[in-house]
Amino acid sequence: MTQQDISLLYHRYQFLGHEFLTWLWYRMDTEKDSRTGGAAADGEDAPLGLTLGNRMVLENRSREGVVESITIRGDDAGLEEGLLALRKGAYVTEMNLQVQIGEQQWRLTLKGESLMVGGLKTPQTAKVEQQQDISGAVIEKLFLCEIALQRIDELFGLFTRIRLSPLWDQTETPSMRNWIEKTATQ
Amino acid sequence: MGLLASSVTVSRYRVDGRMEDPLLDNIAKGLSQQRITEMEAEVDDKRVGWTNFSNNYKPDFDASSFVMGEYFVFSLRVDKKKIPAALIRQHLSIAIDRYRSERGREFISRGEKSQIKEEVLNALYMRLPAVPAVFDVVWQYEKKFLFFFSSQKAANEELENLFNKSFGLQLIRLFPFSIADLSIGLDDRQRDLLQKTTPTLFRI
């Protein structure tokens with residue numbers, strides 16, 4: 001793959017990342033009501049272990065290329081504005097998330113177009129007090145970073161397999177449209 | 001901020017290809033050959049190279065200095081000289097006045113002005129110290145992935161170029177398509193479908 005190919009693929013398929021974040025919001029929201037909310041693929045209907053954090057960005061791109069951007073902030077942010085934007089054709093382009101695995105919690109911001117992870121806060125690691133502590137601290141921190149990133153990749157893998165299966169058009173997309181319709185008009 | 005900061009930003013890559021044995025010696029060699037060297041009184045505005053993770057200002061790569069558990073950990077350092085625009089304006093104005101009075105004429109051509117500007121910039125670059133920026137790199141050789149602790153486009157491009165120059169391996173940036181294509185175990189039929197995928201409209 002040349003750098004030119006990579007750049008072309010990055011731009012051509014960035015919608016996949018935006019659809020993924022929009023799907024994650026739908027899955028997180030419907031999971032509150034039903035553990036098996038939405039369609040399941042490969043027998044995967046386990047809890048996502050995710051909750052929505054304190055920031056989300058949605059974008060609506062018109063046919064003329066004009067981008068309308070909406071940012072929702074705050075721990076108790078009202079999400080109605082975001083749902084209304086989805087109704088009008090917007091996608092989630094950036095999302096702050098909490099990942100819960102067992103007793104441990106990670107916070108991170110995921111960008112749709114690149115799936116780049118920013119503001120990643122891992123569970124507390126040991127403090128570095130002397131030079132010889134550095135190696136242990138680095139290994140522990142990387143181990144914790146890998147856990148969060150692996151979880152994101154697993155969810156993206158789940159999304160992609162559903163996205164490429166007949167379930168996407170038959171079940172998942174109609175369910176998402178229902179969710180948008182129902183939740184936005186509540 | 002580096003990888004030990006309380007909040008980190010991670011750009012992810014897949015490393016395409018393998019190094020020849022002896023692995024650690026060859027990686028140490030690649031890091032040493034492209035290690036950052038200090039900018040003294042030079043007219044260069046930028047210098048890029050590798051440095052040690054735990055000692056950013058005295059790069060020294062022996063066979064084990066970059067090995068931490070199953071990871072290779074080192075840093076990319078970009079030293080840049082940035083001259084404030086106001087300083088350039090001030091020195092250029094003084095130099096032009098001097099040039100005019102030395103020649104006893106008011107008019108100077110565009111070519112002369114451009115040459116004076118170049119001389120002024122060179123003189124300023126010689127005098128100004130470079131400001132270092134350090135970005136941590138983590139390479140998991142066996143699993144073929146690399147973490148780069150920055151989202152800056154320019155820093156990511158410097159990394160991609162220097163990595164290829166140092167180790168002869170290509171870094172493939174991980175983003176939705178490349179993760180789906182390379183990292184989640186799709187079969188050939190699914191990868192074919194992936195290429196043909198078009199956006200879904202959720203609009204009601």
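**Note on the predicted two-chain model**

1. A:L144 is located in helix 4 of chain A, which spans residues 134-163. The model is a predicted one, and the points below should be read accordingly. A:L144 has 18 C-beta neighbours inside 10 Å and therefore counts as partly exposed, since a residue is classed as buried if 20 or more other C-beta atoms lie within that distance.

2. The surroundings of A:L144 include residues from elsewhere in the sequence. Leaving aside residues up to four places away in sequence, A:L144 touches A:T122, A:P123 and A:T125. A:Q124 is 20 residues from A:L144 along the chain, and the C-alpha atoms of the two are separated by 9.5 Å.

3. As to chain A overall, its secondary structure consists of five helices and five strands. Along the sequence these follow the order α-α-β-β-α-β-β-β-α-α. Chain A has 186 residues, of which 34% are buried. Of the contacts in chain A with a separation of 6 or more, 57% are between residues 24 or more positions apart.

4. Chain B is divided into two domains: domain 1 comprises 11-81 + 129-175, and domain 2 comprises 85-127. The C-alpha centres of domain 1 and domain 2 of chain B are 39 Å apart.

5. The axes of helix 2 (residues 85-103) and helix 3 (residues 110-127) of chain B come within 9 Å and cross at roughly 125 degrees. Helix 2 of chain B is therefore oblique to helix 3 of chain B. The crossing of these two helices of chain B is right-handed.

6. The residues at this crossing can be listed. Helix 2 of chain B contributes B:L87, B:I88, B:H91, B:L92, B:A95, B:I96 and B:Y99, which meet B:K113, B:I116, B:K117, B:V120 and B:L124 in helix 3 of chain B. By class, the residues of this contact are nine nonpolar, one polar and two charged.

7. The contact between the chains takes 43 residues from chain A and 34 residues from chain B. On the side of chain B that touches chain A, the elements giving two or more residues are strand 1 (8-16), strand 4 (71-80), strand 7 (170-173), helix 5 (176-182) and helix 6 (188-196) of chain B. Helix 5 of chain B gives the most to this side, with five residues. The side of chain B that touches chain A has 21 nonpolar, 11 polar and two charged residues.

Definitions and conventions. Residues are numbered from 1 along each chain as its sequence is written. Chains are lettered from A and ligands numbered from 1 in the order in which they are written. This is a predicted model: local features need pLDDT of at least 70, side-chain atom pairs count only at pLDDT 80 or more; totals for chains, interfaces and linings use all residues. Domain bounds come from an automatic or database domain assignment. Helices (H or I, at least four residues) and strands (E, at least two) are DSSP runs, numbered from the N terminus. A residue is buried if 20 or more other C-beta atoms lie within 10 Å of its own, exposed if 12 or fewer, and partly exposed in between; C-beta atoms are placed from the backbone. Two residues are in contact if their C-beta atoms, placed from the backbone, lie within 7 Å. Axes are lines fitted to C-alpha atoms, for helices over the stretch in contact, and angles run from 0 to 180 degrees between N-to-C directions. Angles under 35 degrees count as roughly parallel, over 145 as roughly antiparallel, 65 to 115 as roughly perpendicular and the rest as oblique. A crossing is left-handed if the near helix is turned anticlockwise from the far one by less than a right angle, and right-handed if clockwise. Ala, Val, Leu, Ile, Met, Phe, Trp, Tyr, Cys and Pro count as nonpolar, Asp, Glu, Lys and Arg as charged, and the others, Gly among them, as polar.
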